[in-house]
Amino acid sequence: MATPSSSNRTSPPLSEQVVLVTGGARGLGRAITEAFLREGARVVVNYFSSKAAAYDIEATHPDRVLAIHGDVRERDDMNTIFTTAHQKFGQPISTVVNNALTSFSFNGEARPKADQINYESFQSQFSSAVQGAINVIQAALPSFEQAHCGRVVNIGTNLFQNPVVPYHDYTAAKAALLSLTRTFSSDLGPLGITVNMVSGGLLRTTDASAATPEKVFDAIAATTPLQSVTTPEELADAVLFFASPWARAITGQNLIVDGGLVKD
């Protein structure tokens, strides 16, 4: 890739962007998708198993949404997404949101403890969080070059600062994704590409957190300065910031959006 000049490193307004959201059909991913649509962007909704939900979004916004199947763990699937999106919208994807999550239930009481968990659980989470992000970012590079800029937003967690529940595999994978966020930001910065992370805590409520007991939500709310549990919509707004021109000088950062629970 050629290095863009400093004058064209700023991303276009959200209303002029094509955005890829992996796992964008349900839960937090859907909130992120809908936030970009609200701001006028066109969105590629990548799904793995949520076909009906993805096509429901496309049917509601037929000219601004492309629902497309793909496994983030498969590089060829990601390459196809970028090619198909360019064909549909007539311009390259300029922002990617790495949100895809291998099946996971946020119920600490049901998760294996340190003496029970096996390494296969770690491998499963690493394959979607880390391998998936690498595949998406590498597949995005030609599109970023055509767009003369690129924005990568990785979805993280506050649990490695505040490990109050034994999500050992999930937390380790997200910690590795933060490391990748910072090393990739350094490597890709000269190309006009920013790489940042938005980390939430427990969200009220997504499919993944539906198994969380209500008393846990209430306990978290009581310990935050805002006295509330962050919603998917609130976290999605922070994702918009990193994709916008206002974040043009920010890269390699991890923004924690959890109502002030964790101070990093």
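Which residue in β5 does valine 97 stand opposite? The legends below take up this pairing and several other close-up views of the model.

**View 1. Strands β4 and β5 run parallel and are joined by 4 bridges.** Valine 97 stands opposite valine 153 in β5. The structure is a predicted model, in which local features need pLDDT of at least 70 and side-chain atom pairs count only at pLDDT 80 or more, while totals for chains, interfaces and linings use all residues. Residues are numbered from 1 along each chain as its sequence is written, and side-chain values use heavy atoms, with hydrogens and water left out. Strand β4 covers residues 95–98 and β5 covers residues 150–157, where strands (E, at least two residues) and helices (H or I, at least four) are DSSP runs numbered from the N terminus. Two strands pair if DSSP finds at least two bridges between them.

**View 2. Strand β5 is mostly covered, with 8 of its 8 residues buried.** Buried means under 20% relative accessible area, exposed means over 50%, and partly exposed lies in between, with a 1.4 Å probe and protein chains only. In a regular strand the side chains alternate between the two faces of the sheet. Gly150, Val152, Asn154 and Gly156 point one way from β5, whereas Arg151, Val153, Ile155 and Thr157 point the other way, and all are buried.

**View 3. Strand β6, residues 193–200, is also mostly covered.** On one side lie Ile193, Val195, Met197 and Ser199, on the other Thr194, Asn196, Val198 and Gly200, and all of these are buried. The parallel strands β5 and β6 are joined by 8 bridges; asparagine 154 has methionine 197 as its bridge partner in β6, and valine 153 stands opposite asparagine 196. A further 4 bridges join β6 to the parallel strand β7, residues 254–257, where valine 257 is the bridge partner of glycine 200.

**View 4. Tyrosine 47 and tyrosine 55 form an edge-to-face aromatic pair.** Rings of Phe, Tyr and Trp (its six-membered ring) pair if their centres lie within 6.5 Å, and planes under 30 degrees apart count as stacked, over 60 as edge-to-face and the rest as tilted. The two tyrosine rings are 5.9 Å apart, centre to centre, with 70° between the planes. Tyrosine 47 is buried at a relative accessible area of 7%, whereas tyrosine 55, at 36%, is partly exposed.

**View 5. Phenylalanine 241 and phenylalanine 242 form a tilted aromatic pair.** Their ring centres lie 5.5 Å apart, and the angle between the planes is 50°. Phenylalanine 241 counts as partly exposed at 31% relative accessibility, while phenylalanine 242, at 3%, counts as buried.

**View 6. The largest cavity contains about 50 Å³ of space.** A cavity is a set of points on a 1 Å grid over the protein atoms alone where a 1.4 Å probe fits but cannot get out, and lining residues have an atom within 4 Å of a point. Grid points are joined across faces, edges and corners, and the volume is the space filled by probe spheres set on the points. Helix α4, residues 119–147, and helix α5 each supply at least two lining residues, and the largest share, 5 residues, comes from α4. The lining includes Thr22, Val72, Asn98, Ser128 and Lys174.

Notes: On a 1 Å grid over the protein atoms alone, a cavity is a set of points where a 1.4 Å probe fits but cannot get out, and a pocket is an open set with protein on both sides within 12 Å along at least five of seven lines; lining residues have an atom within 4 Å of a point.
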